[in-house]
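Subject: Structure handover

Hello,

I am passing on the structure we spoke about, with notes on what was found in it. Please look through it before reading on.

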Amino acid sequence: MGTYLSTPKTEKLSEDGESSSLRYGLSSMQGWRAEMEDAHSAILDLDGSTSFFGVFDGHGGKVAAKFCAKYLHQQVLKTESYAAGDLGASLQKAFLRMDEMMCGQRGWRELAALGDKINKVSGLIEGLIWSPRGGNSGAPVDDWAAEEGPHSDFSGPSCGCTACVAIIKENKLVVANAGDSRCVISRNGQAYNLSLDHKPELEVEKRRILKAGGFIHNGRVNGSLNLSRAIGDMELKQNKDLPAEEQIVTANPDITVVELRDDDDFVVLACDGIWDCMTSQQLVDFVHRGLKTEGKLSAICEKVFNRCLAPSVADGEGCDNMTMIIVQFKRQANRSHLSDHKEHQTPDYSHEDA
């Protein structure tokens with residue numbers, strides 16, 4: 001889906017960073033798509049002992065992805081679950097909170113400000129006219145109070161985005177995913193998926209879609225969306241008799257919890273523009289080869305894009321926006337005692353359908 005350019009935009013926006021325990025590199029590229037609808041977050045110091053990484057792949061527009069990149073990590077911090085140490089529950093609540101925040105007059109205004117130039121101007125003007133008055137400019141973001149204005153009945157955006165997020169806190173990795181972006185860990189060179197691609201043909205997804213009154217046609221939800229979980233897409237979340245978790249399309253993420261070990265090499269988060277072209281193991285192998293020659297992790301991401309980019313738009317594969325984050329773990333322990341790794345063939349990952 002989507003329109004293509006006559007020539008791909010191959011300029012890449014890249015960055016790198018590191019802390020005492022890990023380093024990361026990321027890059028994004030528009031490619032053949034007429035617009036760049038991906039967004040991302042990379043925050044080394046979320047609260048002093050926690051790092052946050054996220055990939056958000058937009059469809060039908062860019063504003064839902066940009067909204068999540070701006071606000072999702074803030075909402076994680078503001079949950080009671082996070083304060084209690086339950087990272088999985090805090091992520092689940094933050095994912096669902098994105099849909100709530102994008103509705104109403106304030107949601108419309110924020111999305112307009114994140115959108116194209118015309119909407120940005122009208123949104124900023126409307127903000128000056130309708131914003132609450134008083135000395136509350138320093139209020140926390142979670143005080144997302146309802147505002148009166150011409151878009152008070154705004155039900156949320158028709159566009160949406162995937163969200164694949166990894167939180168690393170001490171020796172724990174928690175992944176939350178809604179949609180078909182993917183998180184993969186390399187454990188002693190072996191690729192293990194830490195997220196499930198949410199597609200309509202999956203039995204658990206199909207049951208929810210049909211129960212909520214939706215249908216699947218040509219592999220697409222209601223004939224339009226080729227993934228079954230996403231933030232946004234509010235026209236597919238309008239059944240007033242069902243909670244957010246049971247709508248035709250839901251933002252409710254799967255949660256995967258991993259206890260990190262010395263033989264964990266790195267984690268990759270990427271949108272489906274990458275996974276359409278490479279398997280998880282192929283990408284892990286590619287990154288391992290890149291680590292031998294590249295000083296920056298972002299340079300490896302850029303090489304992945306070059307490898308995946310299609311020479312033409314003939315079949316669509318390799319024509320999507322591309323965003324990728326590599327998070328590499330630093331080790332202080334000597335790995336020599338890990339030469340026999342047969343006992344590690346089956347990871348002890350805890351996977352929950354939140």
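One definition is needed at the start: a residue is buried under 20% relative accessible area, exposed over 50%, and partly exposed in between. Please also bear in mind that this is a predicted model.

Overall content

The protein has 9 helices and 16 strands. Of its 354 residues, 51% are buried. Taking the contacts between residues at least 6 apart in sequence, 69% of them join residues at least 24 apart.

Two loop residues

The definition above applies directly to Ala-244, which sits in the loop between strand 12 and strand 13 (254-259). Its relative accessibility is 39%, so Ala-244 counts as partly exposed. Leaving out residues up to four places away in sequence, Ala-244 touches Leu-96 and Thr-250.

Ser-228 belongs to another loop, the one between strand 11 (220-221) and strand 12 (231-232). With 0% relative accessibility, Ser-228 counts as buried. Residues up to four places away in sequence again left out, Ser-228 touches His-198, Lys-199, Pro-200, Glu-205, Arg-208, Ile-209, Val-221, Ile-248, Val-249 and Thr-250.

An open sheet is formed by 6 strands in the order 1-2-15-14-8-9, with antiparallel pairing. At its edges are strand 1 (4-18) and strand 9 (190-193), each of which pairs on one side only. From one strand to the next, the twist averages 15 degrees.

Strand 1 runs antiparallel to strand 2 (residues 22-33), and 9 bridges connect the two. One of the residues involved is Lys-12, whose bridge partner in strand 2 is Met-29.

Further into the order comes strand 14 (residues 264-270), where 7 of 7 residues are buried. Strand 14 pairs with strand 15 (residues 322-329) in the antiparallel sense, over 5 bridges. Val-267 has Val-327 of strand 15 as its bridge partner. Strand 14 is also joined to strand 8 (residues 182-187), again antiparallel, by 6 bridges. Here Arg-182 has Ala-270 of strand 14 as its bridge partner.

Helices on the sheet

Which strands does helix 8 lie across? They are strand 2, strand 8, strand 9, strand 14 and strand 15, and helix 8 runs at about 120 degrees to strand 14. Helix 9 lies across strand 1, strand 2 and strand 15, at about 30 degrees to strand 2. Strand 2 and strand 15 are therefore listed for helix 8 and for helix 9 under the contact cut-off, heavy atoms within 4.5 Å.

Helix 8 (residues 280-291) and helix 9 (residues 297-308) also meet each other: their axes come within 10 Å and cross at roughly 130 degrees. That angle makes helix 8 oblique to helix 9. The crossing of these two helices is right-handed. On the helix 8 side the contact is made by Leu-283, Phe-286, Val-287, Gly-290 and Leu-291, and on the helix 9 side by Leu-297, Ile-300, Lys-303, Val-304 and Arg-307. Sorted by class, these are 7 nonpolar, 1 polar and 2 charged residues.

Helix 1 (residues 63-78) and helix 3 (residues 87-101) form another crossing, with axes that come within 9 Å at an angle of roughly 135 degrees. Helix 1 and helix 3 are therefore oblique to each other, and their crossing is right-handed. From helix 1, Phe-67, Cys-68, Tyr-71, Leu-72, Gln-75 and Val-76 take part. They meet Ser-90, Leu-91, Ala-94, Phe-95, Arg-97, Met-98 and Met-101 of helix 3. By class, this contact has 10 nonpolar, 2 polar and 1 charged residues.

Regards

Notes. Residues are numbered from 1 along each chain as its sequence is written. This is a predicted model: local features need pLDDT of at least 70, side-chain atom pairs count only at pLDDT 80 or more; totals for chains, interfaces and linings use all residues. Side-chain values use heavy atoms; hydrogens and water are left out. Buried means under 20% relative accessible area, exposed over 50%, partly exposed in between (1.4 Å probe, protein chains only). Helices (H or I, at least four residues) and strands (E, at least two) are DSSP runs, numbered from the N terminus. Two strands pair if DSSP finds at least two bridges between them. Axes are lines fitted to C-alpha atoms, for helices over the stretch in contact, and angles run from 0 to 180 degrees between N-to-C directions. Angles under 35 degrees count as roughly parallel, over 145 as roughly antiparallel, 65 to 115 as roughly perpendicular and the rest as oblique. A crossing is left-handed if the near helix is turned anticlockwise from the far one by less than a right angle, and right-handed if clockwise. Ala, Val, Leu, Ile, Met, Phe, Trp, Tyr, Cys and Pro count as nonpolar, Asp, Glu, Lys and Arg as charged, and the others, Gly among them, as polar.
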